[in-house]
Amino acid sequence: VGSSGRCPCGGGLGSGAWAQRCLLAFRGLARELGRGAALEAMAWRGASLGDVVAGVTVACTSLPQYIAYAEMAGLSGLHGLRTSGPPILAFALVTGSPSLSIGVTSITAIMAHSTLQGAEYRAAHGEEAWMDLLGAFAVLVGLASVLLSLLGAARLVAYIPGPVKTGWKLGFAVTVVASQTAGALFRVGAKYPAQNCRLPKVALPWVDNGAALPISGGSAAMYRLCWMMLQPWLWDLDTVLLSALALAIVMKCKSHLGKVISFLTFRRVSKPIAGLEVIAATVLGTLLAVLMGYSGSVVGKMPSGASGASSNSASELATYALTGWVRQLPWDMPWSLLADRLGGWLGAIASAVAFAGVDFLAIVSVVESGPLGPELLGQGFGCVVSGVAGSAPVGGSLSRSLVAQMAGASSPLAGLVAGAATLALAAPGPSALLAPTPKAVLAAVVLAAVLPSVLHPKDMLRLGGRASLVAWSTTAATALLDPTKGFLVGVAVHVVLHPKRLVTRQKLE
């Protein structure tokens, strides 16, 4: 309030209308942050030795995912491994949830890759330039998440229409299937359909010269998926064998592995350990690939000096853990290139805000109760740290959170231990064990997580009437465009079909 006695929002103190609204807004913000701080303090009081065990368990079981999701984002698997630890550490310092685990997920990897058209940019400018661009976008998404958290936007999640969320999840699952199928069928992965599948050309009315251009984005991914599935004689037999084995282990052997663990521990561990099937599939697939002399794409060895530590000495590893993972500071990032890539600064900011909102849905699906403001704030900090490391934006991971919960996580200390353990496992010595892992096995691990929901979308089949139309429209737009645009299209269709109630309040699941 200035000397004129008027609120910066435009209202006067005399009438009290705008001043009262501003006061209520600031009180709400303080109350939201106060709840988050109290929740975090209470969560840290429950720290125990079980958090150490849970953190190490999450780090070990998540290694295949770190590598697989980095590949989905257009990065090398080992780069994804060595940049996964710092965001986890940053998030653990903010969150009040004891078991919520974050990192680069299939959602954030696919969304960032499609939003920035990563395949085209990487082919034109190289992997190093793509890391810089992706890191800048992750920082921008992080800043948008922090701003949304301070504005109390976390509470708006309760108003997202249910059919939009259901349709978006299915459309995104279809997108993941399209992105990973090539890795599970061909020896060289996605390079084979990119080189051999000719995309149809379409004349777009908004193109000045009226020239026909090849389809791109989600439409191109769906076309290539159909092309691959309709020509099984082109598949590589060894690659299909490895991916089918990994797929069967992850999808069908969880209960059997639980029985084995129960027998070996004399029934002290009676419940199946989440993530154990992923480790089993990765280990068995790697051993089989080595025995059969598999010549397809593998994770590979870490380049000399890439990890920030050329040896395993304690001093060099400590230096890397503190600052060696930093690739580029925010003020050195290619912001102008990012803005040009997204159609100007207005488009870049809009894309980052939309990305942050959609990304937050994954955290909502994991956190069952309590204020969500600190979790959105933690998502922002995690994305900023991930961008500084040259990686994709991060989000909540349901599978890793279940592992932490089943392993006995009771405070954010589990997240700190998971981040530190991930940094240790990214050292040259431990990461060398992952060098012969076939990428076909990693693709199968990702496919196993989404195929059940694609083959039998139970939630979609329960819908009817206008809700079904909204959900299927969201699915189609998400698959044919990209996840961010698909979500916005779904909300627009819901608004059109429900003119009297723009947004329907839904219960948080």
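A residue is called buried when its relative accessible area is under 20%, exposed when it is over 50%, and partly exposed in between (1.4 Å probe, protein chains only). The model is predicted, so local features need pLDDT of at least 70 and side-chain atom pairs count only at pLDDT 80 or more, while totals for chains, interfaces and linings use all residues. Residues are numbered from 1 along each chain as its sequence is written, and side-chain values use heavy atoms, with hydrogens and water left out.

**Exercise 1. Describe the chain as a whole.**

Solution. Step one is the secondary structure: the chain has 24 helices and four strands. Helices (H or I, at least four residues) and strands (E, at least two) are DSSP runs, numbered from the N terminus. Step two is burial: 49% of the 509 residues count as buried. Step three is contact, meaning heavy atoms within 4.5 Å. Among the contacts with a separation of 6 or more, 81% join residues 24 or more positions apart.

**Exercise 2. Is Thr108 buried or exposed, and what does its side chain reach?**

Solution. Begin with the location: Thr108 belongs to helix α5 (residues 106–115). Its relative accessible area is 0%, and Thr108 is therefore buried. Next, look for polar contacts, which are pairs of N or O atoms within 3.5 Å; within protein, one must be able to donate a hydrogen and the other to accept it, and residues adjacent in sequence count only if both atoms are side-chain atoms. A polar atom of the Thr108 side chain lies 3.0 Å from the backbone nitrogen of Thr105. The side chain of Thr108 also reaches the backbone oxygen of Pro393, at 3.0 Å. Finally, list the surroundings: apart from neighbours within four places in sequence, Thr108 contacts Gly103, Phe355, Asp359, Pro393, Val394 and Gly395.

**Exercise 3. Identify the residues with the most contacts in the largest nonpolar core.**

Solution. A nonpolar core is a set of buried Ala, Val, Leu, Ile, Met, Phe, Trp, Tyr and Cys residues joined through side-chain atoms within 4.5 Å. The largest such core has 85 residues, and those touching the most other members are Leu81, Leu116, Leu134, Phe137, Leu338 and Phe360. Helix α7 (residues 127–150) supplies the largest share of this core, eleven residues. Take Leu338 as an example: not counting residues up to four places away in sequence, Leu338 touches Leu116, Leu133, Ala136, Phe137 and Leu140.

**Exercise 4. Check the length of helix α10 and find what covers its buried residues.**

Solution. The expected span of a helix is 1.5 Å times one less than its number of residues. Helix α10 (residues 217–229) has 13 residues and should therefore span 18 Å; its end C-alpha atoms are 19 Å apart, which agrees. The buried residues of α10 are Gly218, Ala220, Met222, Leu225, Trp227 and Met228. Their cover includes α8 (162–185), α9 (191–196) and α23 (465–480).

**Exercise 5. Describe how helices α16 and α17 pack.**

Solution. Two packed helices are described by the angle between their axes and the distance between the axes. Axes are lines fitted to C-alpha atoms, for helices over the stretch in contact, and angles run from 0 to 180 degrees between N-to-C directions. Helix α16 (residues 345–364) and α17 pack at about 115°, with axes 10 Å apart. The contact is formed by Ala356, Asp359, Phe360 and Ile363 of α16 with Glu375, Leu376, Gln379 and Cys383 of α17. Turning to one residue of α17 (residues 373–388), Gly373 lies in this helix. Gly373 counts as buried because its relative accessibility is 4%. The C-alpha atoms of Gly373 and Val146 are 9.3 Å apart, although 227 residues separate the two along the chain.

**Exercise 6. What is the phi of Gln117, and where does this residue lie?**

Solution. Most residues other than glycine have a negative phi. Gln117 is not a glycine, yet its phi is positive, about 50°. Gln117 lies in the loop between α5 and α6 (118–125). With a relative accessibility of 40%, Gln117 counts as partly exposed.
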